Amino acid sequence: MSCGDLPFDYLEYLVTSLNVPLLYVPGNHDPDVKPADTTFVPLDHRVPIPGPEGCDNVDGRVMEVQGLRVAGLGGSLRYKDGPNQYTQPQMRWRALNLEFRIRLKRVRSGHRKLDVLITHAPPFGVAKAEDDAHVGCVAFHRTIRGFPPRLLVHGHVHPYGKTQPERIVDGTRIVNAIPSRLIEL
């Protein structure tokens with residue numbers, strides 16, 4: 001898993017070298033990875049989907065991977081112009097859209113709600129914030145309460161050489177993946 005802000009060529013290297021699936025969400029320092037609208041573009045003129053090749057962008061999506069139901073919400077709170085930055089209300093709409101997708105997939109397949117939620121920013125109040133850009137997203141708490149994942153993994157908050165302690169919020173284990181973590185479920 002990548003919680004954003006890692007060089008795409010590094011992610012491609014990991015996928016190629018380890019031959020494992022890699023799920024990611026974009027961070028606030030990543031380029032825009034939303035696919036271009038190719039509705040009226042001939043098939044032979046379509047451009048590749050942006051982002052690291054061989055990796056799966058789970059931003060706003062729900063996927064089944066190796067028996068786990070995984071969803072993601074990338075980006076951080078807006079603090080300047082740029083892609084992958086949102087206001088609290090914009091992130092709430094993104095989270096509601098993801099919740100709709102989780103419900104729809106659950107109805108179609110009859111499976112559990114969610115195992116892992118990958119985000120770039122932490123849930124509001126979970127990490128020690130030095131500034132407004134790092135306070136976290138309020139909307140994530142609703143998602144945690146409504147679809148209690150076993151694990152929420154986030155990045156964005158840099159403890160600079162220290163590993164931050166895990167937290168438990170409403171039964172969900174919350175892990176800051178920075179600098180890197182090996183997480184067992």
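Predicted model: local features only at pLDDT ≥ 70, side-chain atom pairs only at ≥ 80, totals over all residues.

Biologist: What share of the contacts is between residues 24 or more positions apart?

Modeller: Such pairs make up 60% of the contacts in the chain, taking those with a separation of 6 or more.

Biologist: And burial? What percentage of the residues count as buried?

Modeller: The figure is 44% of the 185 residues.

Biologist: Switching to charges. How many salt bridges does the structure hold?

Modeller: There are seven. One of them joins Arg-94 to Asp-59, with 2.6 Å from N to O.

Biologist: Where do Arg-94 and Asp-59 sit in the chain?

Modeller: Arg-94 is in helix α2, which covers residues 88-109. Asp-59 is in the loop between β2 (56-57) and β3 (62-65). The two are 35 residues apart, and the pair links distant parts of the chain.

Biologist: Are Arg-94 and Asp-59 buried or exposed?

Modeller: Both Arg-94 and Asp-59 are buried.

Biologist: Next one. Which residue does Lys-34 pair with, and at what distance?

Modeller: Lys-34 forms a salt bridge with Asp-32, and their closest N and O atoms are 3.6 Å apart.

Biologist: What is the relative accessibility of Lys-34? And of Asp-32?

Modeller: Lys-34 has 48%, so this residue counts as partly exposed. Asp-32 has a relative accessible area of 41%, so Asp-32 is partly exposed as well.

Biologist: Which residues are linked in a network of salt bridges?

Modeller: Glu-166, Arg-173 and Arg-181 are linked that way. Within this group, the closest N and O atoms of Glu-166 and Arg-173 are 2.8 Å apart.

Biologist: Why does Arg-173 count as partly exposed?

Modeller: Because its relative accessibility is 21%, and buried means under 20%.

Biologist: What about the relative accessible area of Glu-166?

Modeller: That one is 37%, so Glu-166 is partly exposed.

Biologist: Fine. I'll go through the pairs in the viewer.

Terms used: Residues numbered from 1 in each chain as written. Heavy atoms only, no water. Buried < 20%, exposed > 50% of the residue type's maximum accessible area, 1.4 Å probe, protein only. Contact = heavy atoms within 4.5 Å. Salt bridge = Lys/Arg side-chain N within 4 Å of Asp/Glu carboxyl O. Helix = DSSP H or I, 4+ residues; strand = E, 2+ residues; numbered from the N terminus.
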